[in-house]
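Dear colleague,

Please find below the structure for your review.

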Amino acid sequence: MNTPLDAFVKTDGNREAFDRIANITQSHEKPEKLFLVGPEQSGKTTLVRARQLDRDLLSTKRVLYRPCAELPEAMRANVYDGFFEDLGTHEVLFLDDFDGFYKDEEMGPKLCQLLLAERERRGLDTVITSREPLSAYDLALFEGMLDDFEEIAMDALDAEGLEAYVSELAGAYAEEGKSPVLSSEAIAYIAHDLGEKPDMMRKAVSFLMTQYEGEPGVELSRDFVAMTLA
């Protein structure tokens, strides 16, 4: 059975982050405190959202995802009873885009510090994503609550990893005796010329592998794929 994590594009530049996030609901000796750092389009949000949506039937840990910018707004608006209790008590919390706390300079950093202090007191797992490393911020604002977070880099997706992902998709959609075969040039086209978006790649491969009405086993060329997807 496919899970949301199966759709994540894994490459050498993000494999460590993927493994740590994928396994975060498993037992470990001390709370995980992770600071995922990577540029735009490196997959940080995709990874933590997928992990939050993934139902781990072997763990009782509750997983919660929240954008950092949302928290001060929610506090001011009092969105629902128990909102901040959820933040402080869920066994795993993903806080997305650390810069979001700074959109409310009056409340954001202090709210972050209080939240992390509560999770520290309870011994809970916390993951924060960021475009910048911890060294780029004034950590004094957080009164030591970020000092022992482990920084993990997530690189932008690389060419080899993207092509491997397309190949894996083609294999997953293939039906013996019915499906075509994607040429290496066609795989490269899907990986690099459709905008390097996993959703777009997945839809393209699904369409080609399941809707092709020609002779089974035929190798689809780059030109054919480009024309079909145009």
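Is Lys61 buried, partly exposed or exposed? Lys61 is partly exposed, with a relative accessible area of 25%; here buried means under 20% relative accessible area, exposed over 50%, and partly exposed in between (1.4 Å probe, protein chains only).

This is a predicted model, in which local features need pLDDT of at least 70 and side-chain atom pairs count only at pLDDT 80 or more, while totals for chains, interfaces and linings use all residues. Residues are numbered from 1 along each chain as its sequence is written, and side-chain values use heavy atoms, with hydrogens and water left out.

Lys61 forms a salt bridge with Asp125, with 3.1 Å between the closest N and O atoms (a salt bridge is a side-chain nitrogen of Lys or Arg within 4 Å of a carboxyl oxygen of Asp or Glu). This pair joins distant parts of the chain, 64 residues apart: Lys61 lies in the loop between helix H2 (44-53) and strand S2 (63-67), and Asp125 in strand S4 (residues 125-130). Helices (H or I, at least four residues) and strands (E, at least two) are DSSP runs, numbered from the N terminus. Asp125 is buried, at 2% relative accessible area.

In helix H5, Glu118 and Arg122 are four residues apart and thus separated by about one helical turn. Their salt bridge has its closest N and O atoms 2.6 Å apart. Glu118 is partly exposed at 24% relative accessibility, and Arg122 is partly exposed at 44%.

Finally, a network of salt bridges links Glu40, Asp97, Asp99 and Arg131. The search of the whole structure finds 17 salt bridges.

Yours sincerely
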